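Please look over the structure below. A short briefing follows, grouped by topic.

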Protein chains: 2
Amino acid sequence: MKPKLTLKHIAKELDVSISTVSKALRDSKEIGEDTRQKIKAFAKLYNYKPNNIALSLKNRKSKTIGIIIPEIVHHFFTTVISGVEKVANELGYNVLVCLSGNSFDKEVLNMEMLANGSTDGFIMSLAKETMQKQDYHHLEEAINQGMPLVLFDRVVDEIACDKVIIDDVIGAKKAVQHLIKIGCKKIALISTVDYVIVGKLRTQGYKKALEENGLSIDEELILKIEEIEDSEKKIGNFLKGKDVDGVFAVNEHFAISAIKALQENGKKVPGDVSVIGFTDGELSKRFIPSLTTVSQHGERMGEEAARMLIEKLERDVEEIENYKTIIVETELVVRNSTKHY
Amino acid sequence: MKPKLTLKHIAKELDVSISTVSKALRDSKEIGEDTRQKIKAFAKLYNYKPNNIALSLKNRKSKTIGIIIPEIVHHFFTTVISGVEKVANELGYNVLVCLSGNSFDKEVLNMEMLANGSTDGFIMSLAKETMQKQDYHHLEEAINQGMPLVLFDRVVDEIACDKVIIDDVIGAKKAVQHLIKIGCKKIALISTVDYVIVGKLRTQGYKKALEENGLSIDEELILKIEEIEDSEKKIGNFLKGKDVDGVFAVNEHFAISAIKALQENGKKVPGDVSVIGFTDGELSKRFIPSLTTVSQHGERMGEEAARMLIEKLERDVEEIENYKTIIVETELVVRNSTKHY
């Protein structure tokens, strides 16, 4: 038996992208006639089986769930994995984890690898690049071939499947409302660029809370950051000399960078400025001052996702597709980075 | 094709442990004649293939590396995964991650699952329970069947294979020597129970540093903790009223719990007591005071492990086995939880 031909081999051999190969093999009109024919001929010549997902499905159940996440350094994703593990273990399933590294190509390759008999279904949070490209054909392919998929956290409306999300808008609104309640009037927002959906939604929540409380939105007080790497510097520059009494940050790293920047500018937290973060990691709990934060319940999200997926996998008959979106509630955890009433 | 029979099925059906099934199928004399025959008959009846590792090896290369780690909540393990990912991506390999949850049975099942054609080799850090039981038959089996294995961090002498470790003894010695150099005379140690090898080695380093500097070892100043969960309380009780001027903790969680406990007892860190941790996570960097720590270079450990494994996988001929142990050097990172000279 020769090594199995993969999308990657074909792409490399014909010098086109993985996405192009995948689309051409599904006869997508997005790909020009010429290229399509060339790719299909090559695949035929080397006996590539585009339908190995469906084949493996019919042949056997692996009793294994595949998780594909963008990165592992975020504490949030490790808590989701713990939640999936918990339910999967209880119900006799194994779990395999793959990282996309926020790369679209790697996400596609991971799916191909896992679909090839190793797993029965997917739990995924999308790569940043996938959302930027808005190319979801690999997800559609899996679904079309009867491979159940549950998206969590970084989900998109374009894909009809089971989803587990949190109430990002409401969560952010809760945080900002709390800042207003303790007397803050000039509240800065530190968010991510808009194509990261959760950043966008949390920005909406921030704006809603201000509007509903009769405070005006000052775009000067809003910072949107692309990468986590140089965020500390960017947040430092942003806050330097800014007259604020509250900061809402969309993750705990941004929140802690904000506290450090404020302290370096001679401001006291929470004496002069109250700070609230999002996601309740180890850092939030143990930082001094401990961080008031919107807790995301990553473990519960993982549990819900695993439960939905396994339920689908264990159904015998093909029922009419019926997708659910479970919204896991957030909770404001008040600690020492915000003033008390 | 019927669902594949696994070790787990057999164990459940015959009401014996997974380890017993695995050993019986290898004809291990550790298992009584009766049980062995019963298990082998059952396996034969249902066509169980104990040699699927070897079979899959001969048939194809999956170009995939399997990582099995005890847990994912430790920042250290996520950095190792990042390191493996980096080298694997460069060299065209995929990576699958599985968690043993520190359970022996799950470690055995994970290996069975991954060996079954999904991966070409393993990078592993052993489960706590495996080290407690000292049962390594699953590792031996993989190696005997030609499946390369690289152990890292939690390794054992009993298994001959490639290993990546850090200089735990030297790392710990460096830390304690630093404490002595800045004037500490009563240095407490917060370690793990001894069957966690790294805890044992770091304890050795602590003792060596004291001895070489003419300080006596006071067992009253040594705390050994089993579980991370209730460590905060245990460390609090241990330090209450203790007259110490230095603390060396074998991980960052213990170090930070120590700082909190000392502060609650009215002591200043580093004014009254200097504290050093081990592993350089986000928490160490961002805690206030930032933590002086022995940095473990998890990412480099992952890179070395991946490089060794892939080298083995890409050798064409069967060479005489030649195992290496790579020692990744630790580094003392001096921050603000220790006094300056």
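**Interface between chain B and chain A**

Chain B and chain A bury about 3,300 Å² between them, 57% of it on carbon and sulfur atoms. Buried area here is the accessible area (1.4 Å probe) that two parts lose on being put together, summed over both. This is a predicted model: local features need pLDDT of at least 70, side-chain atom pairs count only at pLDDT 80 or more, and totals for chains, interfaces and linings use all residues. Residues are numbered from 1 along each chain as its sequence is written, chains are lettered from A and ligands numbered from 1 in the order in which they are written, and side-chain values use heavy atoms, with hydrogens and water left out.

**Contacts across the interface**

- On chain B, 38 residues are in contact with 37 residues of chain A; contact means heavy atoms within 4.5 Å.
- The rule finds four salt bridges across this interface. A salt bridge is a side-chain nitrogen of Lys or Arg within 4 Å of a carboxyl oxygen of Asp or Glu.
- Lys106(A) forms a salt bridge with Glu85(B), and their closest N and O atoms are 2.3 Å apart.
- Five elements of chain B each supply at least two residues of the side that touches chain A: helix H5 (75–90), strand S2 (94–99), helix H6 (104–115), helix H12 (252–264) and helix H13 (282–286). Helices (H or I, at least four residues) and strands (E, at least two) are DSSP runs, numbered from the N terminus.
- That side of chain B divides into 15 nonpolar, 13 polar and 10 charged residues. Ala, Val, Leu, Ile, Met, Phe, Trp, Tyr, Cys and Pro count as nonpolar, Asp, Glu, Lys and Arg as charged, and the others, Gly among them, as polar.

**Chain A and the cores**

- Chain A has 14 helices and 12 strands.
- Its C-alpha atoms fill a box of roughly 70 × 45 × 35 Å, taken along the principal axes.
- Of the 341 residues of chain A, 60% count as buried. Buried means under 20% relative accessible area, exposed over 50%, partly exposed in between (1.4 Å probe, protein chains only).
- The largest nonpolar core has 142 residues, and Phe248(A) and Phe248(B) have the most contacts inside it. Apart from that core lies another of 42 residues, among them Leu114(A), Met131(B), Val156(B) and Cys161(B).
- A nonpolar core is a set of buried Ala, Val, Leu, Ile, Met, Phe, Trp, Tyr and Cys residues joined through side-chain atoms within 4.5 Å.

**A buried loop serine**

- Ser100(A) sits in the loop between strand S2 (94–99) and helix H6 (104–115) of chain A.
- Ser100(A) counts as buried because its relative accessibility is 1%.
- Beyond its neighbours within four places in sequence, Ser100(A) is in contact with residues including Ile68(A), Pro70(A), Lys106(A) and Asn110(A).

**Backbone exceptions**

- Most residues other than glycine have a negative phi, and most peptide bonds are trans.
- A cis peptide bond joins Ile288(A) and Pro289(A), with omega about 0°. Pro289(A) is in the loop between helix H13 (282–286) and strand S10 (292–295) of chain A.
- The bond from Val269(B) to Pro270(B) is also cis, with omega near 10°. Pro270(B) is in the loop between H12 and strand S9 (274–278) of chain B.
- His297(A) is not a glycine, yet has a positive phi of about 50°. His297(A) is partly exposed, at 23% relative accessible area.
- Asp153(B) has a positive phi near 60°. Asp153(B) lies in the loop between strand S4 (149–152) and strand S5 (162–166) of chain B, and is buried at 8% relative accessible area.
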